[in-house]
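Dear colleague,

Please find below the structure I am handing over to you. My notes on it follow directly after.

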Amino acid sequence: MSLFVNGAHINLQEMSFLKDILIGSEAHFVVLIVQSSSIFSELFGYTACRQLSQMLISILFFHVSEYILALFIHGKSSVTLKSLLISKHYLVAMVCSLIEYLIELYFFPGLKEYWWISNFGLALVVLGEIIRKLAIVTAGVAFTHLIKVYHEEKHQLVTHGIYRYVRHPGYNGFFIWSIGTQIMLCNPISTIAFAVVVWKFFSGRIPYEEFFLKQFFGSDYEDYMRKVPSGIPFVR
């Protein structure tokens, strides 16, 4: 059957066919949205929301507190954005850890449900923060983010407080904190990668830094080295 409307020929069967296609497409689109919402809800349910929130808070607190302490101890004129300790390599590492988390969350969601592992990682994050911040506060103006190659009057040898137990508590704290973030996310690959990369970084940095410390403080620092561990495993 067909009609003429304002001189135009309209086939009712074609209209019905187009209507069916439109309704069908609309229904399919709605189903697609519902399915996507379901997948999103499942993907970012309680587990993901809690773990990712903890990660975000941990990162924000670490970097903002570093910057604030640097401002408080060294003054605004001596502090730059570098005190946030955010480098290109650091950002790449964190993005890779997030990618691993999302991939594993999608394909192996059960891997993220080991709460005793995640909570252990959270405990390490808190412990690492405490150790590092104690190191900064105890050392005061002697604590700097850049290695000093020239001795300054304000640069004193600190051996009290947490430095009685660890020569480099700042490094020790970051080492624990960084690995803890990945254990908290139940990221097996990134946990190993972070441990290896951070260890390698500090295993090279500590001997370099201590070369100058021995120049600055002589036998006092050498005696201190013999008595107190570095704080990084297998680095004397």
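Arg 226 and Asp 223 form a salt bridge, with the closest N and O atoms 2.2 Å apart; the term denotes a side-chain nitrogen of Lys or Arg within 4 Å of a carboxyl oxygen of Asp or Glu. Both residues lie in helix H7 (residues 219-227), three residues apart, about one turn of the helix. Arg 226 counts as exposed, at 58% relative accessibility, and Asp 223 as partly exposed, at 31%. Here buried means under 20% relative accessible area, exposed over 50%, and partly exposed in between (1.4 Å probe, protein chains only).

Please note that this is a predicted model, in which local features need pLDDT of at least 70 and side-chain atom pairs count only at pLDDT 80 or more, while totals for chains, interfaces and linings use all residues. Residues are numbered from 1 along each chain as its sequence is written, and side-chain values use heavy atoms, with hydrogens and water left out.

By the rule given above, the count comes to six salt bridges. One of them joins the side chains of Lys 133 and Glu 66 (3.1 Å, N to O). Lys 133 belongs to helix H4 (residues 115-139) and Glu 66 to helix H2 (residues 46-74), so this pair ties together parts that are 67 residues apart in sequence. Lys 133 is buried at 13% relative accessibility, and Glu 66 is buried at 1%. Glu 66 and Lys 133 are also linked with Glu 129 and Arg 132 in a network of salt bridges.

A further salt bridge pairs Glu 210 with Arg 167, the closest N and O atoms being 2.7 Å apart. This pair links distant parts of the chain, 43 residues apart: Glu 210 is in helix H6 (residues 188-217), and Arg 167 is in the loop between H4 and helix H5 (169-184). Both Glu 210 and Arg 167 are buried.

H5 and H6 pack with their axes 9 Å apart, at an angle of about 170°. Axes are lines fitted to C-alpha atoms, for helices over the stretch in contact, and angles run from 0 to 180 degrees between N-to-C directions. The two helices, H5 and H6, are therefore roughly antiparallel to each other, a term used for angles over 145 degrees. Among the residues making the contact are Tyr 171, Phe 174 and Phe 175 of H5, and Phe 194, Trp 199 and Phe 202 of H6; contact means heavy atoms within 4.5 Å.

Glu 104, in helix H3 (residues 88-107), is buried, with a relative accessible area of 8%. The side chain of Glu 104 makes a polar contact with the side chain of Lys 112 (2.7 Å). A polar contact is a pair of N or O atoms within 3.5 Å; within protein, one must be able to donate a hydrogen and the other to accept it, and residues adjacent in sequence count only if both atoms are side-chain atoms. Beyond its neighbours within four places in sequence, Glu 104 is in contact with residues including Pro 109, Cys 186 and Ile 189.

As for the chain overall, the secondary structure comes to seven helices and two strands, in the order β-β-α-α-α-α-α-α-α from the N terminus. Helices (H or I, at least four residues) and strands (E, at least two) are DSSP runs, numbered from the N terminus. Of the 236 residues, 36% count as buried.

With kind regards

Note on methods. Parallel < 35°, antiparallel > 145°, perpendicular 65-115°, else oblique.
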